[in-house]
Amino acid sequence: MITVLTLRRHIVAVADELNLPLTLRQVDQLTNRVALRSARGKASTLHLTNQMYAVLVGLASGEEVEQTANRIGRSVDTVKSHRRRLYKALEAENGPHAVAIAMNAGLLRTGGGA
(Lines give C-alpha, C1' and ligand atoms only; values in the text may rest on other atoms or scores of the structure.)
Protein backbone atom coordinates (compact mmCIF):
# COMPACT_ATOMS: atom_id res chain seq x y z
CA MET A 1 0.00 0.00 0.00
CA ILE A 2 1.32 3.43 -0.86
CA THR A 3 1.65 5.72 2.13
CA VAL A 4 0.47 9.30 2.25
CA LEU A 5 4.08 10.48 2.55
CA THR A 6 5.07 8.54 -0.58
CA LEU A 7 2.04 9.89 -2.41
CA ARG A 8 3.05 13.41 -1.41
CA ARG A 9 6.56 12.84 -2.78
CA HIS A 10 5.08 11.64 -6.08
CA ILE A 11 2.85 14.69 -6.34
CA VAL A 12 5.77 17.02 -5.69
CA ALA A 13 7.87 15.20 -8.31
CA VAL A 14 5.14 15.37 -10.95
CA ALA A 15 4.46 19.03 -10.18
CA ASP A 16 8.16 19.73 -10.66
CA GLU A 17 8.26 17.78 -13.94
CA LEU A 18 5.28 19.73 -15.25
CA ASN A 19 6.57 23.04 -13.90
CA LEU A 20 3.45 23.49 -11.79
CA PRO A 21 4.08 26.16 -9.14
CA LEU A 22 2.30 24.50 -6.20
CA THR A 23 2.58 25.81 -2.66
CA LEU A 24 3.16 23.35 0.17
CA ARG A 25 -0.45 23.87 1.24
CA GLN A 26 -1.68 23.02 -2.27
CA VAL A 27 0.50 19.90 -2.34
CA ASP A 28 -0.94 18.82 1.00
CA GLN A 29 -4.52 19.46 -0.15
CA LEU A 30 -3.96 17.58 -3.40
CA THR A 31 -2.32 14.70 -1.54
CA ASN A 32 -5.24 14.52 0.86
CA ARG A 33 -7.85 14.48 -1.92
CA VAL A 34 -6.06 11.80 -3.94
CA ALA A 35 -5.57 9.68 -0.81
CA LEU A 36 -9.23 10.04 0.12
CA ARG A 37 -10.47 9.02 -3.32
CA SER A 38 -8.21 6.00 -3.48
CA ALA A 39 -8.97 4.99 0.11
CA ARG A 40 -12.72 4.87 -0.29
CA GLY A 41 -12.58 1.62 -2.18
CA LYS A 42 -15.83 -0.12 -2.98
CA ALA A 43 -19.24 1.00 -1.79
CA SER A 44 -19.78 0.59 1.90
CA THR A 45 -22.70 0.77 4.26
CA LEU A 46 -20.61 2.88 6.64
CA HIS A 47 -20.93 6.63 6.33
CA LEU A 48 -17.75 8.51 7.17
CA THR A 49 -17.16 12.22 6.64
CA ASN A 50 -14.26 13.43 4.48
CA GLN A 51 -12.40 14.41 7.64
CA MET A 52 -12.93 10.97 9.13
CA TYR A 53 -11.57 9.43 5.91
CA ALA A 54 -8.56 11.75 6.09
CA VAL A 55 -7.89 10.57 9.65
CA LEU A 56 -8.38 6.94 8.60
CA VAL A 57 -5.88 7.33 5.76
CA GLY A 58 -3.42 8.84 8.23
CA LEU A 59 -3.92 5.97 10.66
CA ALA A 60 -3.41 3.41 7.90
CA SER A 61 -0.25 5.23 6.79
CA GLY A 62 1.19 5.35 10.28
CA GLU A 63 0.95 9.11 10.64
CA GLU A 64 1.20 10.74 14.04
CA VAL A 65 -1.68 13.01 15.08
CA GLU A 66 0.46 16.08 14.34
CA GLN A 67 1.26 14.88 10.81
CA THR A 68 -2.41 14.27 10.05
CA ALA A 69 -3.29 17.69 11.47
CA ASN A 70 -0.74 19.35 9.19
CA ARG A 71 -1.87 17.36 6.13
CA ILE A 72 -5.55 18.17 6.50
CA GLY A 73 -5.08 21.69 7.84
CA ARG A 74 -6.76 21.13 11.20
CA SER A 75 -5.62 21.39 14.81
CA VAL A 76 -4.28 18.42 16.75
CA ASP A 77 -7.36 18.57 19.02
CA THR A 78 -9.66 18.48 15.99
CA VAL A 79 -7.85 15.44 14.58
CA LYS A 80 -8.16 13.71 17.96
CA SER A 81 -11.88 14.47 17.90
CA HIS A 82 -12.19 13.04 14.38
CA ARG A 83 -10.33 9.92 15.53
CA ARG A 84 -12.79 9.42 18.39
CA ARG A 85 -15.75 9.84 16.01
CA LEU A 86 -14.10 7.42 13.55
CA TYR A 87 -13.60 4.79 16.27
CA LYS A 88 -17.23 5.17 17.32
CA ALA A 89 -18.51 4.92 13.73
CA LEU A 90 -16.44 1.78 13.09
CA GLU A 91 -17.02 0.40 16.60
CA ALA A 92 -13.25 0.17 16.95
CA GLU A 93 -11.22 0.11 20.14
CA ASN A 94 -8.15 1.90 18.74
CA GLY A 95 -6.35 2.96 15.57
CA PRO A 96 -5.12 -0.44 14.38
CA HIS A 97 -8.55 -1.91 15.05
CA ALA A 98 -10.17 0.90 13.03
CA VAL A 99 -7.80 0.25 10.11
CA ALA A 100 -8.55 -3.49 10.21
CA ILE A 101 -12.31 -2.88 10.24
CA ALA A 102 -12.00 -0.35 7.41
CA MET A 103 -9.99 -2.80 5.31
CA ASN A 104 -12.54 -5.56 5.88
CA ALA A 105 -15.34 -3.15 4.94
CA GLY A 106 -13.59 -2.17 1.71
CA LEU A 107 -12.88 1.39 2.83
CA LEU A 108 -9.13 0.87 2.37
CA ARG A 109 -7.36 -1.11 -0.28
CA THR A 110 -4.00 -2.86 -0.08
CA GLY A 111 -1.48 -3.26 -2.84
CA GLY A 112 -1.12 -1.05 -5.84
CA GLY A 113 2.40 0.05 -4.97
CA ALA A 114 4.21 3.25 -5.77
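## Starting from Arg71

The side chain of Arg71 makes a polar contact with the side chain of Glu63, at 2.9 Å. A polar contact here is a pair of N or O atoms within 3.5 Å; within protein, one must be able to donate a hydrogen and the other to accept it, and residues adjacent in sequence count only if both atoms are side-chain atoms. Before going on, keep in mind that this is a predicted model, where local features need pLDDT of at least 70 and side-chain atom pairs count only at pLDDT 80 or more, while totals for chains, interfaces and linings use all residues. Residues are numbered from 1 along each chain as its sequence is written, and side-chain values use heavy atoms, with hydrogens and water left out.

Back to Arg71, then. Arg71 sits in helix H4, and with a relative accessible area of 6% it is buried (buried means under 20% relative accessible area, exposed over 50%, partly exposed in between, with a 1.4 Å probe and protein chains only). A polar atom of the Arg71 side chain also lies 2.7 Å from the backbone oxygen of Ala54. Leave out residues up to four places away in sequence, and Arg71 touches Val4, Asp28, Asn32, Ala54, Val57, Gly58 and Glu63, where a contact means heavy atoms within 4.5 Å.

Asp28, from that list of neighbours, is worth a stop too. You'll find Asp28 in helix H2, residues 24–39. Asp28 counts as buried because its relative accessible area is 16%. Its side chain makes a polar contact with the side chain of Arg8, at 2.6 Å. Setting aside neighbours within four places in sequence, Asp28 is in contact with Arg8, Asn70 and Arg71.

Now zoom out to the helices. The protein has six helices and zero strands (helices, H or I with at least four residues, and strands, E with at least two, are DSSP runs numbered from the N terminus). Of its 114 residues, 35% count as buried. Take the contacts with a separation of 6 or more: residues 24 or more positions apart account for 54% of them.

How do H3 and H4 (residues 65–72) meet? Their axes come within 10 Å and cross at roughly 135°; axes are lines fitted to C-alpha atoms, for helices over the stretch in contact, and angles run from 0 to 180 degrees between N-to-C directions. H3 and H4 are therefore oblique to each other (under 35 degrees counts as roughly parallel, over 145 as roughly antiparallel, 65 to 115 as roughly perpendicular and the rest as oblique). On the H3 side the contact is made by Gln51, Ala54, Val55, Val57 and Gly58, and on the H4 side by Thr68, Arg71 and Ile72. Those residues divide into four nonpolar, three polar and one charged; Ala, Val, Leu, Ile, Met, Phe, Trp, Tyr, Cys and Pro count as nonpolar, Asp, Glu, Lys and Arg as charged, and the others, Gly among them, as polar.

H3 (residues 50–61) also packs with H6 (residues 95–104), at about 105° with the axes 9 Å apart, so the two are roughly perpendicular. Leu56, Leu59 and Ala60 of H3 meet Gly95, Ala98, Val99 and Ala102 of H6, giving six nonpolar residues, one polar and no charged.

Finally, look at Arg85 in helix H5, residues 76–90. At 37% relative accessibility, Arg85 counts as partly exposed. Its contacts, neighbours within four places aside, are Thr49 and Met52. Arg85 and Met52 are 33 residues apart in sequence but 7.5 Å apart in space, C-alpha to C-alpha.
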